[in-house]
Amino acid sequence: AGTIDYNQLPDSYVIMITPFDPVGQGLFRYTFQMMCKELPGVTLEDGATRIFLNTRGTAQDDADQELVELLRYFERTTEDQAARSGSEKIQAMHRVVEEIRSSEEIGVRYMQQWEEKALARQEAREEGRKSGIEEGK
């Protein structure tokens, strides 16, 4: 921030976790960097990387096994899936997920937020309907 030197910008990563295969090749991970369409071997060294993580991958690619297990856990967030992974990190994450799921306070807050948003949408619809009726007159 605050610099005008393009070369001083930090690298950036955009990571999308998708429940579908964005490229259709069965990989768990697809990494994209800017490439020149007219000169296929020329890349733009802008430090921007886009990574798509496919929870439904099937191909054995160079994706780390723990990443594959994490994506499978994202696809099916269960005690059995966490235990099957064999990863202490995934199992620890699952314990936190279960703690949140079982917390009545967090559940109440979630429902309150959901109800508030639903009420706001309903009020906006009603306001729009009244506005439309007035405009139609």
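Predicted model: local features only at pLDDT ≥ 70, side-chain atom pairs only at ≥ 80, totals over all residues.
Isoleucine 17 sits opposite leucine 53, and leucine 53 belongs to strand 3. Strands here are DSSP runs of E, at least two residues long; helices are runs of H or I, at least four residues long; both are numbered from the N terminus. Residues are numbered from 1 along each chain as its sequence is written, and side-chain values use heavy atoms, with hydrogens and water left out.

Back to the strands. Isoleucine 15 also has a bridge partner in strand 3: isoleucine 51. Strand 1 and strand 3 run parallel, joined by seven bridges. Two strands count as paired if DSSP finds at least two bridges between them.

Now strand 2. Strand 2 pairs with strand 3 over five bridges, in the antiparallel sense. Phenylalanine 32 has arginine 50 of strand 3 as its bridge partner.

The three strands make an open sheet, ordered 1-3-2, with mixed pairing. Which strands stand at the edges? Strand 1 (12–18) and strand 2 do; each has a single partner strand, so one side of each lacks a neighbour in the sheet. From one strand to the next, the twist averages 15 degrees.

What about strand 3? Five of its seven residues are buried, so strand 3 is largely enclosed by the rest of the structure. Buried means under 20% relative accessible area, exposed means over 50%, and partly exposed is in between, with a 1.4 Å probe and protein chains only.

Next, the rings. Rings of Phe, Tyr and Trp (its six-membered ring) pair if their centres lie within 6.5 Å; planes under 30 degrees apart are stacked, over 60 edge-to-face, and the rest tilted. The count by this rule is one aromatic pair. Phenylalanine 32 and phenylalanine 52 form it, edge-to-face, at 5.8 Å centre to centre with 90 degrees between the planes. The pair links distant parts of the chain, 20 residues apart: phenylalanine 32 is in strand 2 (residues 29–33), phenylalanine 52 in strand 3 (residues 48–54). Phenylalanine 32 is partly exposed, at 38% relative accessibility. Phenylalanine 52 is partly exposed too, at 25%.

On to the helices. Helix 1 lies across strand 1, strand 2 and strand 3, at about 60 degrees to strand 3. Axes are lines fitted to C-alpha atoms, for helices over the stretch in contact, and angles run from 0 to 180 degrees between N-to-C directions.

How does helix 1 lie relative to helix 3 (residues 88–102)? Their axes come within 10 Å and cross at roughly 25 degrees. That makes the two helices roughly parallel, a label for angles under 35 degrees; over 145 is roughly antiparallel, 65 to 115 roughly perpendicular, and the rest oblique. Residues in that contact include Leu70 and Phe74 of helix 1, and Ile90 and Met93 of helix 3. Contact means heavy atoms within 4.5 Å.

Last stop: arginine 72, in helix 1 (residues 65–75). Arginine 72 is partly exposed, at 34% relative accessibility. Leaving aside neighbours within four places in sequence, arginine 72 contacts Phe28, Gln65 and Gln81. Arginine 72 and asparagine 54 are 18 residues apart in sequence, and 9.3 Å apart in space, C-alpha to C-alpha.
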